[in-house]
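Please walk through this structure with the sequence and the coordinates side by side.

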Amino acid sequence: MKHLLEVKNLETRFYMQDGVVKAVNNVSYTMDRGEILGVVGESGCGKSVHALSMMQLIPYPPGKITNGEVWLDGQDLLTLSEEEMQKVRGREIAMIFQDPMTSLNPVYTVGFQIMEALLLHNNMSRREARDRAGELLELVGIPGAKDRLDDYPHQFSGGMRQRAMIAMGLSCEPKLLIADEPTTALDVTIQAQIIDLVKKLQDELGMAIMWITHDLGVVAELAHTINVMYAGSIVETGKIHNIYKDTKHPYTIGLLGSLPRLDDAPGTELVSIPGLPPDLLALPEGCPFAARCVYRIDKCLAEKPPLVEINGKDHAVACWRWEEIAGMGSR
Amino acid sequence: MTQINPEEFIVTDFAVREHRSLWGDAWRRLISSNTARLGMFVVILFISSATLSHFFWEYEPKKDLDYSLKLKAPNLTVTEEIPSIHPFGTDKLGRDIFRRVVHGGWNSLRVGIVAVGISLIFGGVIGLLTGFYETITMTTVERITLFGISGFLLGSLSAWIANQPLQLVGFTLLGLVAGYFEGFWAGQLKRVVFFSVLGILISAVPALFAGSSVALVCGVLGLLTGIFLALALDGRFFSNVMMRIMDMILSFPGYLLAIAIVAFLGPGLGKGMIAIGVVGIPVYARLTRSAVLSVVNKEYILAAQSVGESHGRIIFRHITPNILSPIIVQTTMGLANAILSAAALGFLGLGAIPPEPEWGAMLGDSYRYLTSGAWWAVLFPGLAIMLSVLGFNLLGDGLRDALDPKLRT
């Protein structure tokens, strides 16, 4: 089966005054139709930048995509001009953002903003667009959707705004929906609602979803596949059960170890990964995680490990010593 | 024990959702302030008196002359000596000052509107474009337009020197070509050489008709233009160049620059308006640009891009409404400033040409008679300037408070 999305050797750089920030380094992976992919990593590891690169929304200057291909359904997005990209965005890929407070324009009504997206890509009248916008708001579970089309964003709560954003993202039924930390700014109950909503919508509409987050708990409920990113590279990728039950990369082990658990005895200290992520301005030559890694050997400092497939097809890890780190099941 | 039946409770919608618009809210705040109301009253009085007098009270300044009524003090009743009523007195030519002050308002209003219009349109467009394209990739059409305009503007200099409109066409075409074949030898010396040679040819050959020394100057200009067009212009470069030009204009003292422009164009109210307008461009350009920069990084702009909206749509539909408030305030204050500048130019004899009624010119005409006791000839035009400026400033202050985003929830 042909993949929906195939990212090959994606590389994004930011040319700043004090040097080149290597934000995304040689990222390659594939996504299938209807798949939910979780992209996990701590802040500043290039998760959002790699998604923005795919949509060619990197601020330029200083940002620039220096290498790579992004094949979406048979066309390489990185070779398209800005005009052609404007037709792809929204219709083929849509994106929803982290902060629902600022991602809706305060001077227009919510209905107007959803209608705008609809009118842009579809040949429909304003009347039809309005009806459709109402349906979409209803689909994302806003009570009294039709009456709230004329509300301004400040009359919506945070969760409702994020729902409205999702409605906007869904409006043109994209093949791929990128959700950039959509639940980070919301409280836990709303978070759970949004996750349920996305699951339900994914069942109904069958689109592929890329869920970018730093929260391993969220993707555990949602994703089929997980990419763990560190310092602009994918360090471990695989089906969800492989990642959680047969963790190989020391960084992923550290991430999972840092999660609090309900069955921990009271007083148990959370494990933290020592040190800080490397400065993207001056990435070390070897493995980017080497400086913080307890399994470090000399080879780690000298040479960057490639992403190698292990255990058949559904799991790959970028570590020299993965064989020795014998499948840490999550505690 | 009684059972609670949930249906007995009437759940009311506690959040009464009144569809109040942003501008409605601002208006309500504006009229609740006393100083803003006062400012608004003065401004309305000024505008209506100026407009009404212009259309319904005929006045021909060239025929207004009566030496028998020279420098009469204000009188509110008819006497034998003065057969007509002059509430503000008369000036050195026996003209009624009240009438001239009222009609002078029309000129001030015109100056204000035209000068601020020039500043606002040019400054606003420059600010919008430089702020927006600072970080946003241009489409091919936008890039070609930018290069074409750059070619036209740069070419206009040598075309002006050699008096050859042919060069203008040539440089515009060169710019369009440079923009269209952006990837053609991109970043290589070959590209610079190619466009420089073309630039020299376009510039120097037609200039030969005007003489060899002109051709030499034009050749150098053509070389520079070619190099400029060969470089990969991007939004940031464009915005840097524009803002440095704005800095250059700002580095001159405002009045001095206005006087220089008027001296260059020649006196007259219309030329004065242009001068005041040009001096104001950088103020609006900077204000708009900073406002755009603060909005363009908001997520709703990214969201608009990610649903595939075009750049023009984003600029006009998403950015412009969000930056209007500081611009409205600046425009109101700018009107006051323009009126004051026009009066200053008129006072120096560089604005309105006599006998056209203009407050500054009236002051300039009459201040010499102050020593002989004719206070009214100076007081009333001066008062008119002061009150109209005060009115616009008060209104501007009120608008700033009303539109302040910090007060908005």
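A salt bridge is counted where a side-chain nitrogen of Lys or Arg lies within 4 Å of a carboxyl oxygen of Asp or Glu. In this predicted model, B:Arg313 and A:Glu116 form such a pair through their side chains, at 3.4 Å from N to O. Across the interface of chain A and chain B the rule finds two salt bridges. Side chains of opposite charge can pair when their charged atoms come close.

The interface can also be described by its residues and its area. Chain A contributes 40 residues to the contact, and chain B contributes 32 residues. The size of an interface is often given as the accessible area lost when the parts come together. Here chain A and chain B bury about 3,000 Å² between them, and 55% of that area is on carbon and sulfur atoms. Twelve residue pairs are in polar contact between chain A and chain B, counting pairs with both residues at pLDDT 80 or more. On the side of chain A that touches chain B, at least two residues each come from α2 (82–88), β6 (93–96), α3 (110–121) and α5 (158–170) of chain A. Of the elements, α3(A) gives the most to this side, with five residues. Sorted by class, the side of chain A that touches chain B comprises 21 nonpolar, ten polar and nine charged residues.

Next come the sheets of chain A. One is an open sheet of four strands in the order β2-β1-β4-β5 (chain A), with antiparallel pairing. Its edges are β2 (19–31) and β5 (75–76) of chain A; each has a single partner strand, so one side of each is left without a neighbour in the sheet. β1(A) and β2(A) are paired antiparallel over nine bridges, and they form a hairpin with two residues between them. Within this pairing, A:Tyr15 stands opposite A:Val20 in β2(A). A:Leu72 is placed opposite A:Gln75 in β5(A). Helix α1 (residues 47–54) of chain A lies across β1 (5–16), β2 and β4 of chain A, at about 110° to β1(A).

Another open sheet has eight strands, in the order β6-β7-β8-β3-β9-β10-β12-β11 (chain A), and its pairing is mixed. β6 and β11 (308–309) of chain A stand at the edges; because each has a single partner strand, one side of each is left without a neighbour in the sheet.

A last point concerns salt bridges in general. Over all chains the structure holds 24 salt bridges. One of them joins the side chains of A:Glu92 and A:Lys175, at 3.1 Å from N to O. This pair links distant parts of the chain, 83 residues apart: A:Glu92 is in the loop between α2 and β6 of chain A, and A:Lys175 is in the loop between α5 and β7 of chain A.

Technical notes. Residues numbered from 1 in each chain as written. Chains lettered and ligands numbered in written order. Predicted model: local features only at pLDDT ≥ 70, side-chain atom pairs only at ≥ 80, totals over all residues. Heavy atoms only, no water. Contact = heavy atoms within 4.5 Å. Buried area = accessible area lost by both parts, 1.4 Å probe. Polar contact = N/O pair within 3.5 Å; in protein donor to acceptor, adjacent residues only side chain to side chain. Nonpolar A, V, L, I, M, F, W, Y, C, P; charged D, E, K, R; others polar. Pairing = 2+ DSSP bridges. Axes fitted to C-alpha atoms, helices over the stretch in contact; angles between N-to-C directions.
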